[in-house]
Amino acid sequence: MEGRELSSHTHDWTKEQGQHCNEYFQSAFICSCLSIFLGGIFVILLNRAVYFVLKLLGVKLGIKMVASAPRLWVFWKRRFQDWVQMMLSAQTSVGRVLVILVFLFSIGSLIIYFINCYSAIQFCLSFQDRTINIDLFFNVFFLFYFGLRFLAASDKLQFWVELNSIVDFFTITPVCVSFYLQKNWLGLRFLRALRLLELPKILQFLQIIKSGTSIKLSKLLAVFVSTWLTAAGFLHWIENSGDPWEGPSNFRHLSYFECLYMVMVTMSTVGYGDITAKTTSGRCFLLFFIIGGLMLFANFIPEIADIVGSTKIYKGSYVTMKGRKFIVVCGDITLNSVTAFLRDFLSQESGMITTEIIFLGEQAPDLELETVFRCYSAYASFFQGSVMKNEDLRRIRIHEADACLILADTCSATPYIEDTNNIMRVLSIKNRYSNVRVIIQIIQSSNKVYLPKLPNWDWKKGDSIICFAELKLGLIAQSCLVPGLTTLLTRLFVRENTRVDFSHKCLLQSKNILLGHWHGIQGMDYNVLTGCLSYNFVDMTFQEVCRICFVKLDLILLAIQFRQGLYANSILINPPSTVRIQYNTMGFFIARSAIEVKRAGYYCQTCHSDISDPDDMRKCRCSGTSGSSAPLFSASENETAIQEYLAPTQRSALNINERKSTILEGKSSDLLLDSTGMFHWCEAVPLEKAILMRKRKLGPVFRNHIVVCVFGDANSSLIGLRNFVMPLRASNFSFNELKDIVFVGSLEYLQREWEFIQNFPKLFLLQGSALSCVDLKTVNIKHCAMCAVLSAYARSTGNQTLVDTKSILATLNIRSMPFYRHSGAGMSLGVSRGLVENQLPQLPFKSIPIITELKVASNAQFFEQNIEGNAGDFHNQHITHFCKGTVFSDSFLNSLLCTAYYNHHVLALLQTLVTGGTSQQLEEYLAVETSLNGSCSNITQFAPRNRCKLALLPVTDNPDLLDGVLIFFGDMYCKALDMFGIICFGLYRVLEEGYMEKIRYVISRPSSSSEIFASDLLFCLVPFDTSATHLSDVVENIIPKGRRSGLSTVGGIF
């Protein structure tokens, strides 16, 4: 009995001690923490209140109640605060060590808490515990760190209530109180887990993590783990202590790791229910924690998993395959740019795809872009990184790449920044790997000048620049003189796999549409290709080689480029007869394949003169091959060639002056050209004189002019109208051939552009809009040769379709304006419209020729009005307008990136054709000066002017010449070449006669047996000294092949 009583007494004593610990010691520890925290806030607020009251009394009494601190004290105080702030922000080595020690000691204190959780009885520990001395050392160091932070803080109240300070109040204070009470308490030491939030900063100090992805990942992990540990610690304290109002009767002994398990099950919404909270306080805590924990778990875990997964996939290194080439694509890596590039690149690959594409993007791809990469995983891979970092360049092995292609966001709202970013990418690549070939897209032409100045930039190695403003506006400008040219050049310079689906519902609606579509794609299997000319062509004239290539090899030769000698690296398009073919000359041909072009390299007059079918031609064994080395012109021969080149071209076969359609331009003394001799020039015209006034009674008479409708405002980026004007003011046109150009748009925008075009003649401005019929009639649009619609607005972040809204509405507005054809003089500014219409006989309605620039190619569907029930068929709607050459989109220029990769010489030819003769020297000059300088010397400038020009010539001015007569394209080509040196390389044929216009479509490189009709127009390269308006003289000298059977249609379709 006595033993039982003793055991019962011992149990009661233990229970009493536990209750005493739980009630009194826990209250003492918590109250001490709260008293210091609240007391500090009270002292800070009291100090501010006293200072405010004394200052207010001093103002009212006029007495300085608060004495100023000595200057020396203020100086040293500021110096000390600055030093402490630099140290705490880890800007010094001592500061880095201090911050790292604080973090390590916090983790150590947290580990001690985990160990003590096993031996604690209702959160009370024996004071003789061995870990208390280690924990005391840690907390002393924390107290020192707290003091430094307090002294460095400028706002003491804000410092007092920040998270790290609260952690110190509730973890340092209990250690000090435990020495007084001789009792240790676990208390709120779990708050040290919040120090894990400092982990990302520590890892950055140690340079363990550098990339934005790794920093983000470390922050997500730090927040998640610290929240998890802190919530488990709080639940552990509440459940083991019981509810304060219930006493220790409802406490439940749970280990810390059981609480960790319960918190994780709660956050993940699994809720097994094997461990639950018993106390009311614990259950209330879980009610609020479930909401925050669920949000935390649902947002952070998927993002962490996504980062970890993408890092593993996209942060690897590229492994090259022996015998397989690869290219690197970087810059603007988005869904639209990647899909467009893959479509263009893969369509130009003939046969099996042998080139792998490595995309290097600075951001991980989104789900849509990731899907694209998975679909093309056989020959496309994505790696996350930047070309600005050498380690990323090494990962993708860029030094072994066949080329590096840099994409630009062509619709960027800040084109200058976009260009400079891409230029810096080129600099990063060239500085580290000088032999890597780089092809870059540039938006603004003024930024091109920086690239040739970069180290290791070499045009000869294939480094190329695709300038969107230069090519786009140049093509549109040339289309104002040669309608349909954009379609023709796009087909010739961009290789595409075109397939015709004759079973398509849209094509079966009408026989005219079906056959028109079939004719529209004729010639689309022809492209501009390059190849060396045979040694048999050496010392021949260009025209002689053109005839042999066409007749014997079924090739059209457009231009040549000498590798060495007088014209080294210069592209000569249809040069005069004074230029002779040299050894190792490269030719630019229109052909189906490279196999056909190779025939020009091994052609032999001795062995191949009797072969009529080019397919039967094989390489012979005669001595000498294309590209063999041979002595070039001597110095004396060079001087002779220069003199011959400067002299006017004389043709022995024909006296040009006797032909009606040919005029040799005389060199007038008052002709003004720029200093390079490439463009017509005039003195700078003030803006006020160029502006047209509607109320002016006497104004310029506009006929056969060009109307340019420009949409832009004071905040729009400049599109560079100089690139549009320069091809139209090329010096290979006579001054009388120059067409007036009238710009219609916002004067605020045009004023900004005028600074760069004020030195070109025959330019006019009108404040107005293409959406106003009054403004369009003011510029006499019904008598214009062409109307171009341009827009300076960039793509927005919203609906991309709406970026072309004004251009589309303006085009529809112009097309809807009915004008009668008049046989008399046109209406000018200030002349009564009614008077003119009453005096002149009226002919049927005419349609205004127009070409529209579209930012989004799919917007061409809004111009289609005749296809019923098939509004969603973009391909056929777009093909209809593109074949007619009435729309132009940047999407066609994107394809030139792939063209330049396969053959950069072809890109150089296109630039020469459309820019009007710009050179590297001229671009460098225009980068410094806003306008050109003039020169009145005509003797030295005839050579730059002596270059061919693009033209669209009618077959005849008298349709009766071809009435019932059968002639073919091969006859026209040979006779035009022999008589005038004109090269014909395309047709602009009538599809059908509309009520207001003739609907035409483009046929590139017609076959020699293609029948020619009286309504046809021919795309030609006309020599400088020939001003042809039609080819009637050519037709008259062709011997007809026979007579047409039956009636011929307008387009020759039936």
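E370 is buried, at a relative accessible area of 16%. Here buried means under 20% relative accessible area, exposed over 50% and partly exposed in between, with a 1.4 Å probe and protein chains only. The side chain of E370 meets that of R374 in a salt bridge, at 3.1 Å from N to O. A salt bridge is a side-chain nitrogen of Lys or Arg within 4 Å of a carboxyl oxygen of Asp or Glu. R374 counts as exposed because its relative accessibility is 60%. Both residues belong to helix α12 (residues 367-375), four residues apart, or about one turn of the helix.

The model is predicted: local features need pLDDT of at least 70, side-chain atom pairs count only at pLDDT 80 or more, and totals for chains, interfaces and linings use all residues. Residues are numbered from 1 along each chain as its sequence is written, and side-chain values use heavy atoms, with hydrogens and water left out.

The protein contains 35 helices and 28 strands. These elements are DSSP runs numbered from the N terminus, with helices being H or I of at least four residues and strands E of at least two. Of the 1054 residues, 52% count as buried. Contact means heavy atoms within 4.5 Å. Among contacts with a separation of 6 or more, 78% come from residues 24 or more positions apart.

Salt bridges number 23 in the structure. One of them joins D554 to R1005, with the closest N and O atoms 2.7 Å apart. This pair links distant parts of the chain, 451 residues apart. D554 sits in the loop between α18 (542-553) and β10 (556-562). R1005 sits in the loop between β26 (998-1004) and β27 (1017-1022). D554 is partly exposed, at a relative accessible area of 24%. R1005 counts as buried, at 1% relative accessibility.

A further salt bridge forms between R149 and E162, where the closest N and O atoms are 2.7 Å apart. R149 lies in helix α4 (residues 131-152), and E162 in the loop between α5 (156-160) and α6 (163-181). The two residues are 13 residues apart, and the pair links distant parts of the chain. R149 counts as buried at 8% relative accessibility, whereas E162 counts as partly exposed at 31%. Both residues take part in a network of salt bridges that also links D168, R192 and R195.

Helix packing was examined next. Two packed helices are described by the angle between their axes and the distance between the axes. Axes are lines fitted to C-alpha atoms, for helices over the stretch in contact, and angles run from 0 to 180 degrees between N-to-C directions. Angles under 35 degrees count as roughly parallel, over 145 as roughly antiparallel, 65 to 115 as roughly perpendicular and the rest as oblique.

Helices α4 and α6 pack at about 135°, with their axes 10 Å apart. The two are therefore oblique to each other. Their crossing is left-handed; a crossing is left-handed if the near helix is turned anticlockwise from the far one by less than a right angle, and right-handed if clockwise. On the α4 side, the contact is made by I132, D135, L136, N139, F142, L143, F146 and R149. On the α6 side, N164, S165, D168, F169, T171, I172, V175, S178 and F179 take part. By class, the residues of this contact divide into nine nonpolar, five polar and three charged. Ala, Val, Leu, Ile, Met, Phe, Trp, Tyr, Cys and Pro count as nonpolar, Asp, Glu, Lys and Arg as charged, and the others, Gly among them, as polar.

The axes of α23 (residues 721-728) and α24 (residues 747-757) come within 9 Å and cross at roughly 45°. These helices are therefore oblique to each other. The crossing of α23 and α24 is right-handed. L721, R722 and V725 of α23 contact L750, E753, F756 and I757 of α24. Five of the residues in this contact are nonpolar, none is polar and two are charged.

Two further sites were examined. S479 is placed in helix α15 (residues 468-481). S479 is buried, at a relative accessible area of 1%. Not counting residues up to four places away in sequence, S479 touches L485, T486, M786 and I851.

I443 lies in the loop between β7 (438-442) and β8 (464-467). At 11% relative accessibility, I443 counts as buried. The C-alpha atoms of I443 and I466 are separated by 8.3 Å, the two residues being 23 residues apart along the chain. Leaving aside neighbours within four places in sequence, I443 is in contact with A408, D409, T410, P415, E418, D419, C467, F468 and A469.
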